[in-house]
Amino acid sequence: MKRRIRGAALSRLAKDLDRGPELLVDERYDLVRRIGRGGMGEVFLARDRKLDRTVALKVLHVPGSRWRARFEQEASLPARLRHPAIVPIHDFGTFPDGRLYCTMEYVPGRTLSEWAKGLDLSRRVATLAALCDAVAHAHEHGVLHRDLKPGNVLVDDYGHVYVLD
């Protein structure tokens with residue numbers, strides 16, 4: 001049975017998410033498990049019931065207009081970009097309790113630093129070149145990544161690079 005989450009209950013139930021039950025956030029998204037946590041909020045593996053697809057759902061937990069504006073910008077700027085190494089944003093909105101969220105393509109993979117362990121120099125250089133191409137594309141469109149670090153770069157099982165956040 002699924003439970004409806006309201007407001008601060010989402011954070012309180014984070015422990016349950018680590019154990020794996022699906023939780024209903026609203027009428028559209030079912031949470032499967034938490035996949036990340038940062039300074040502004042949390043990221044969950046979720047199921048988009050409307051479009052019947054798996055997504056990454058980022059939920060802002062930091063109150064205040066300054067953080068709200070930054071989160072809105074973080075969601076809207078990449079949504080304008082089309083590049084194979086930039087994770088597409090699917091949706092952005094506000095839950096009924098006022099929390100902001102955005103959904104993006106779910107990319108199963110490892111962080112750049114995890115993935116690069118033990119690789120030879122030529123594979124590392126090729127990966128870095130793909131990353132630089134994505135960042136250059138963003139810059140050409142007036143988008144500056146303000147938190148580029150190995151933890152915000154994922155590499156999938158095929159070696160494809162994705163820039164997050």
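Reader: Which residues do ring pairs link into a cluster?
Author: Tyr-29, Phe-95 and Tyr-101 are linked into a cluster by ring pairs. Rings of Phe, Tyr and Trp (its six-membered ring) pair if their centres lie within 6.5 Å; planes under 30 degrees apart count as stacked, over 60 as edge-to-face and the rest as tilted. This is a predicted model, in which local features need pLDDT of at least 70 and side-chain atom pairs count only at pLDDT 80 or more, while totals for chains, interfaces and linings use all residues. Residues are numbered from 1 along each chain as its sequence is written, and side-chain values use heavy atoms, with hydrogens and water left out.

Reader: How many aromatic pairs are there by this rule?
Author: The count is two. Tyr-29 and Tyr-101 form an edge-to-face pair, 5.7 Å centre to centre with 65 degrees between the planes. The ring centres of Phe-95 and Tyr-101 are 4.3 Å apart and their planes lie at 20 degrees, so this pair is stacked.

Reader: Is Phe-95 buried or exposed?
Author: Phe-95 is buried, at a relative accessible area of 3%. Buried means under 20% relative accessible area, exposed over 50%, and partly exposed in between (1.4 Å probe, protein chains only).

Reader: Turning to Glu-42, which side chains does its side chain contact?
Author: The Glu-42 side chain makes polar contacts with the side chains of Arg-34 (2.8 Å) and His-61 (2.9 Å). A polar contact is a pair of N or O atoms within 3.5 Å; within protein, one must be able to donate a hydrogen and the other to accept it, and residues adjacent in sequence count only if both atoms are side-chain atoms.

Reader: And what is the relative accessibility of Glu-42?
Author: Glu-42 has 4% relative accessibility, so Glu-42 counts as buried.
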